[in-house]
Amino acid sequence: LNTNPTEFIESPKKLTPITVQTFLTPEQVALMREKLIERGDTQLRLYATLSLSTMARLNAIASLRWTQVDTQNCIIHDVLEKEGKIVDLYFNEEVKLLFEELRSQRERSGKSDNGWVFYSGRTTPTRHINNGTLNAWCKEIGQMIGVPTLHPHDFRHSGATLLKNAGMSLEDVSVLLNHESTDTTKKFYIKQDIRRISSVKNRYNI
């Protein structure tokens, strides 16, 4: 049989965009807070600060219901994670105030959100917001702070790194991320604080 040698050459695949992993610095987070306050969109502001504080995955944020939110204890209960795990998420006081502000705005408006925390005004509020819209929101936030490649998972990486560099143990950060072990946390979610390492190195005359 005659064979065509080109049959053994793998055909070129359609190019897919490379995702740039971003670890937001404390300065960028401060700028993000400032720009979001200027923007005056409570829902957008809550999305960003909640994502950073809880380090939740995109699906958990998109499908969040008010019944899961315990503002008194700053906990989100019964969140469906990867591989069917049910976990709790923890948020800070800033997020608590934004939850309360958004709920108050919804009550004053008289519009029903059908129990969803996030929904788009362009769609019926009977369904929660979709991942594509949250991606668009994230890109918009990235443009505000000069990080056009920002994507939702960057909040997860950034939150983990900021907590670790602020002094939280790797074990506690790993628990908050709902990782099975600290190996994944350390390898993929923590960016070393180069400035701190450089400062420590300069103490030694070597």
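**Basis of the entries**

I note that this is a predicted model, in which local features need pLDDT of at least 70, side-chain atom pairs count only at pLDDT 80 or more, and totals for chains, interfaces and linings use all residues. Residues are numbered from 1 along each chain as its sequence is written, and side-chain values use heavy atoms, with hydrogens and water left out.

**Chain overview**

I took helices (H or I, at least four residues) and strands (E, at least two) as DSSP runs, numbered from the N terminus. The protein chain has nine helices and three strands, and from the N terminus on I read the order α-α-α-β-β-β-α-α-α-α-α-α. I looked up burial, where buried means under 20% relative accessible area, exposed over 50%, and partly exposed in between (1.4 Å probe, protein chains only). Of the 206 residues in the protein chain, 39% are buried. For contacts, I required heavy atoms within 4.5 Å. Among contacts with a separation of 6 or more, 60% are between residues 24 or more positions apart.

**Strands**

I counted two strands as paired if DSSP finds at least two bridges between them. β1 (residues 69–70) and β2 (residues 75–80) are antiparallel, with two bridges; Val69 has Ile76 as its bridge partner in β2. Four residues lie between β1 and β2 in their hairpin, and Cys74 in that turn has a positive phi of about 55 degrees. β2 also pairs in the antiparallel sense with β3 (residues 86–90), here over four bridges. I found Val79 bridged to Val87 in β3.

**The loop at Asn178**

I next examined Asn178, in the loop between α7 (170–176) and α8 (182–189). Asn178 counts as buried because its relative accessibility is 18%. Leaving aside neighbours within four places in sequence, I listed its contacts as Glu81, Lys85, Val87, Asp88 and Leu89.

**Helix α1**

The 14 residues of α1 should span 20 Å, and the end C-alpha atoms are 20 Å apart, which agrees. Which residues of α1 are buried? I found Val29, Met32 and Leu36. These three lie on the same side of α1, because they cover an arc of only 55 degrees around the axis (the arc being that of the directions from the helix axis to the C-beta atoms). Ile37 and Glu38, on the other side, are exposed. The cover over the buried residues of α1 includes α2, α5 and α6 (153–165). Gly40 follows α1 and has a positive phi near 75 degrees.

**Nonpolar cores**

I defined a nonpolar core as a set of buried Ala, Val, Leu, Ile, Met, Phe, Trp, Tyr and Cys residues joined through side-chain atoms within 4.5 Å. The largest has 39 residues, and Leu50, Phe99, Phe118 and Phe155 have the most contacts inside it. Elements giving two or more residues to this core include α1 (26–39), α2 (42–54), β2, β3 and α4 (93–109). α2 gives the most, with six residues. A second, separate core of six residues includes Ala160, Leu170, Val173 and Leu177.

Note on methods:
The expected span of a helix is 1.5 Å times one less than its number of residues.
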